[in-house]
Amino acid sequence: MDQDFFSYLQKLELLLFFSGYPVIYLLVHSIAGKPREKDTIQSRVVSLLPYSYALMGTLYLGLLCKNIYPDYSMEHILERIQNPYVTLLGLGSLLFWIPAISHKRVLSFLHGLFFFFLLIGDFFMQETGRVADKAVLKNDMKIYTISLLLHLLALLLIFGLSQLYRRFLRSRVS
(Lines give C-alpha, C1' and ligand atoms only; values in the text may rest on other atoms or scores of the structure.)
Protein backbone atom coordinates (compact mmCIF):
# COMPACT_ATOMS: atom_id res chain seq x y z
CA MET A 1 0.00 0.00 0.00
CA ASP A 2 2.83 2.40 0.80
CA GLN A 3 4.35 1.86 -2.65
CA ASP A 4 1.07 2.86 -4.29
CA PHE A 5 0.83 5.98 -2.16
CA PHE A 6 4.39 7.09 -2.89
CA SER A 7 3.93 6.26 -6.56
CA TYR A 8 0.81 8.44 -6.58
CA LEU A 9 2.69 11.30 -4.91
CA GLN A 10 5.47 11.10 -7.48
CA LYS A 11 2.87 11.13 -10.24
CA LEU A 12 1.40 14.30 -8.74
CA GLU A 13 4.89 15.84 -8.68
CA LEU A 14 5.32 15.05 -12.36
CA LEU A 15 1.90 16.50 -13.16
CA LEU A 16 2.77 19.62 -11.19
CA PHE A 17 5.96 20.29 -13.09
CA PHE A 18 5.00 19.25 -16.61
CA SER A 19 1.26 18.87 -17.31
CA GLY A 20 0.39 22.56 -17.64
CA TYR A 21 2.92 23.30 -20.36
CA PRO A 22 0.92 22.17 -23.44
CA VAL A 23 -1.94 24.56 -22.64
CA ILE A 24 0.45 27.47 -22.03
CA TYR A 25 2.25 26.58 -25.26
CA LEU A 26 -1.00 26.62 -27.25
CA LEU A 27 -2.20 29.78 -25.51
CA VAL A 28 1.01 31.67 -26.30
CA HIS A 29 0.98 30.47 -29.91
CA SER A 30 -2.64 31.47 -30.38
CA ILE A 31 -2.09 34.93 -28.88
CA ALA A 32 1.18 35.53 -30.73
CA GLY A 33 -0.16 34.33 -34.04
CA LYS A 34 2.31 34.23 -36.89
CA PRO A 35 4.66 37.14 -36.26
CA ARG A 36 5.58 38.99 -39.42
CA GLU A 37 8.81 40.34 -38.01
CA LYS A 38 11.48 38.29 -36.29
CA ASP A 39 12.29 40.70 -33.48
CA THR A 40 8.85 41.39 -32.03
CA ILE A 41 7.80 40.67 -28.47
CA GLN A 42 5.49 37.92 -29.69
CA SER A 43 8.24 36.10 -31.54
CA ARG A 44 10.59 36.42 -28.56
CA VAL A 45 8.01 34.99 -26.14
CA VAL A 46 7.33 32.08 -28.49
CA SER A 47 11.05 31.38 -28.84
CA LEU A 48 11.45 31.34 -25.04
CA LEU A 49 8.79 28.68 -24.44
CA PRO A 50 11.23 25.70 -24.46
CA TYR A 51 13.51 27.53 -22.03
CA SER A 52 10.67 28.04 -19.57
CA TYR A 53 9.90 24.33 -19.90
CA ALA A 54 13.56 23.52 -19.22
CA LEU A 55 13.40 25.76 -16.15
CA MET A 56 10.53 23.67 -14.83
CA GLY A 57 12.59 20.54 -15.50
CA THR A 58 15.45 22.07 -13.54
CA LEU A 59 13.11 22.79 -10.64
CA TYR A 60 11.91 19.19 -10.82
CA LEU A 61 15.51 17.97 -10.69
CA GLY A 62 16.01 20.14 -7.61
CA LEU A 63 12.99 18.54 -5.96
CA LEU A 64 14.30 15.07 -6.77
CA CYS A 65 17.69 15.93 -5.27
CA LYS A 66 15.98 17.32 -2.16
CA ASN A 67 13.90 14.15 -1.77
CA ILE A 68 16.92 11.87 -2.16
CA TYR A 69 19.20 13.88 0.17
CA PRO A 70 21.53 12.92 1.98
CA ASP A 71 22.20 9.52 0.38
CA TYR A 72 22.88 9.83 -3.35
CA SER A 73 23.83 6.21 -3.85
CA MET A 74 22.30 4.35 -6.79
CA GLU A 75 20.53 1.88 -4.47
CA HIS A 76 18.88 4.69 -2.53
CA ILE A 77 17.87 6.52 -5.69
CA LEU A 78 16.26 3.39 -7.15
CA GLU A 79 14.52 2.75 -3.84
CA ARG A 80 13.08 6.27 -3.65
CA ILE A 81 11.96 6.67 -7.28
CA GLN A 82 8.80 4.64 -7.88
CA ASN A 83 8.42 5.30 -11.62
CA PRO A 84 11.98 5.52 -12.97
CA TYR A 85 11.08 5.63 -16.67
CA VAL A 86 8.54 8.40 -16.26
CA THR A 87 10.97 10.27 -14.01
CA LEU A 88 13.71 9.99 -16.64
CA LEU A 89 11.26 11.22 -19.26
CA GLY A 90 10.52 14.21 -17.03
CA LEU A 91 14.23 14.90 -16.67
CA GLY A 92 14.43 14.85 -20.46
CA SER A 93 13.02 18.37 -20.31
CA LEU A 94 16.50 19.49 -19.27
CA LEU A 95 17.58 18.90 -22.87
CA PHE A 96 15.63 22.00 -23.86
CA TRP A 97 18.39 24.14 -22.35
CA ILE A 98 20.42 23.15 -25.42
CA PRO A 99 19.77 25.81 -28.10
CA ALA A 100 19.80 23.32 -30.99
CA ILE A 101 16.98 21.35 -29.36
CA SER A 102 15.05 24.38 -28.09
CA HIS A 103 14.77 25.75 -31.63
CA LYS A 104 12.46 22.83 -32.39
CA ARG A 105 9.73 24.17 -30.12
CA VAL A 106 7.21 21.52 -31.10
CA LEU A 107 9.38 18.90 -29.37
CA SER A 108 8.80 20.59 -26.02
CA PHE A 109 5.08 20.58 -26.73
CA LEU A 110 5.11 16.86 -27.57
CA HIS A 111 7.15 16.14 -24.46
CA GLY A 112 4.63 17.97 -22.28
CA LEU A 113 1.73 16.17 -23.95
CA PHE A 114 2.83 12.89 -22.38
CA PHE A 115 2.24 14.33 -18.90
CA PHE A 116 -0.98 15.97 -19.99
CA PHE A 117 -2.18 12.54 -21.14
CA LEU A 118 -1.38 11.16 -17.67
CA LEU A 119 -3.92 13.66 -16.40
CA ILE A 120 -6.41 12.68 -19.10
CA GLY A 121 -5.84 9.03 -18.12
CA ASP A 122 -7.03 9.83 -14.61
CA PHE A 123 -10.22 11.35 -16.09
CA PHE A 124 -10.74 8.22 -18.13
CA MET A 125 -10.17 5.97 -15.10
CA GLN A 126 -12.70 8.00 -13.11
CA GLU A 127 -15.30 7.88 -15.88
CA THR A 128 -14.95 4.15 -16.44
CA GLY A 129 -15.25 3.46 -12.73
CA ARG A 130 -11.78 1.96 -12.30
CA VAL A 131 -11.03 4.56 -9.64
CA ALA A 132 -13.87 5.08 -7.20
CA ASP A 133 -12.16 7.80 -5.17
CA LYS A 134 -13.22 11.27 -6.32
CA ALA A 135 -10.31 12.77 -4.36
CA VAL A 136 -7.93 11.63 -7.11
CA LEU A 137 -9.62 13.83 -9.69
CA LYS A 138 -9.91 16.71 -7.22
CA ASN A 139 -6.19 16.49 -6.45
CA ASP A 140 -5.37 16.31 -10.15
CA MET A 141 -7.33 19.47 -10.87
CA LYS A 142 -5.65 21.37 -8.04
CA ILE A 143 -2.24 20.23 -9.21
CA TYR A 144 -3.07 21.08 -12.83
CA THR A 145 -4.18 24.60 -11.90
CA ILE A 146 -0.96 25.16 -9.98
CA SER A 147 0.99 23.73 -12.92
CA LEU A 148 -0.59 26.24 -15.29
CA LEU A 149 0.33 29.09 -12.96
CA LEU A 150 3.89 27.80 -12.49
CA HIS A 151 4.43 27.53 -16.24
CA LEU A 152 3.07 31.02 -16.77
CA LEU A 153 5.35 32.39 -14.05
CA ALA A 154 8.34 30.51 -15.48
CA LEU A 155 7.66 32.01 -18.91
CA LEU A 156 7.36 35.49 -17.43
CA LEU A 157 10.61 35.00 -15.49
CA ILE A 158 12.51 33.78 -18.54
CA PHE A 159 11.09 36.64 -20.63
CA GLY A 160 12.04 39.20 -17.97
CA LEU A 161 15.57 37.82 -17.70
CA SER A 162 15.97 37.83 -21.49
CA GLN A 163 14.82 41.45 -21.63
CA LEU A 164 17.36 42.40 -18.96
CA TYR A 165 20.06 40.55 -20.88
CA ARG A 166 19.16 42.35 -24.12
CA ARG A 167 19.22 45.70 -22.34
CA PHE A 168 22.61 44.85 -20.80
CA LEU A 169 24.02 43.93 -24.21
CA ARG A 170 22.70 47.14 -25.76
CA SER A 171 24.24 49.27 -23.02
CA ARG A 172 27.62 47.57 -23.48
CA VAL A 173 27.60 48.23 -27.22
CA SER A 174 26.72 51.91 -26.93
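Visitor: Why is Val-173 called exposed?

Guide: Exposed means over 50% relative accessible area, buried under 20% and partly exposed in between, with a 1.4 Å probe and protein chains only. Val-173 has a relative accessible area of 76%, so Val-173 is exposed. Val-173 belongs to helix α8, residues 134-173. Before we go on: this is a predicted model, where local features need pLDDT of at least 70, side-chain atom pairs count only at pLDDT 80 or more, and totals for chains, interfaces and linings use all residues. Residues are numbered from 1 along each chain as its sequence is written, and side-chain values use heavy atoms, leaving out hydrogens and water.

Visitor: What makes Asp-122 count as buried?

Guide: The relative accessibility of Asp-122 is 10%, and the limit for buried is under 20%, so Asp-122 counts as buried. Asp-122 sits in helix α7. Not counting residues up to four places away in sequence, Asp-122 touches Lys-11, Val-136, Leu-137 and Asp-140; contact means heavy atoms within 4.5 Å.

Visitor: Good to know. Why is α5 called oblique to α7?

Guide: Helix α5 (residues 84-91) and helix α7 (residues 105-127) pack at an angle of about 140 degrees, with axes 10 Å apart. Axes here are lines fitted to C-alpha atoms, for helices over the stretch in contact, and angles run from 0 to 180 degrees between N-to-C directions. Angles under 35 degrees count as roughly parallel, over 145 as roughly antiparallel, 65 to 115 as roughly perpendicular, and the rest as oblique. The angle of about 140 degrees therefore makes α5 oblique to α7. Val-86, Leu-89 and Gly-90 of α5 make the contact with His-111, Phe-114, Phe-115 and Leu-118 of α7.

Visitor: How many helices and strands does the protein chain have?

Guide: The protein chain has eight helices and zero strands. Both are DSSP runs numbered from the N terminus: helices are H or I with at least four residues, strands E with at least two.
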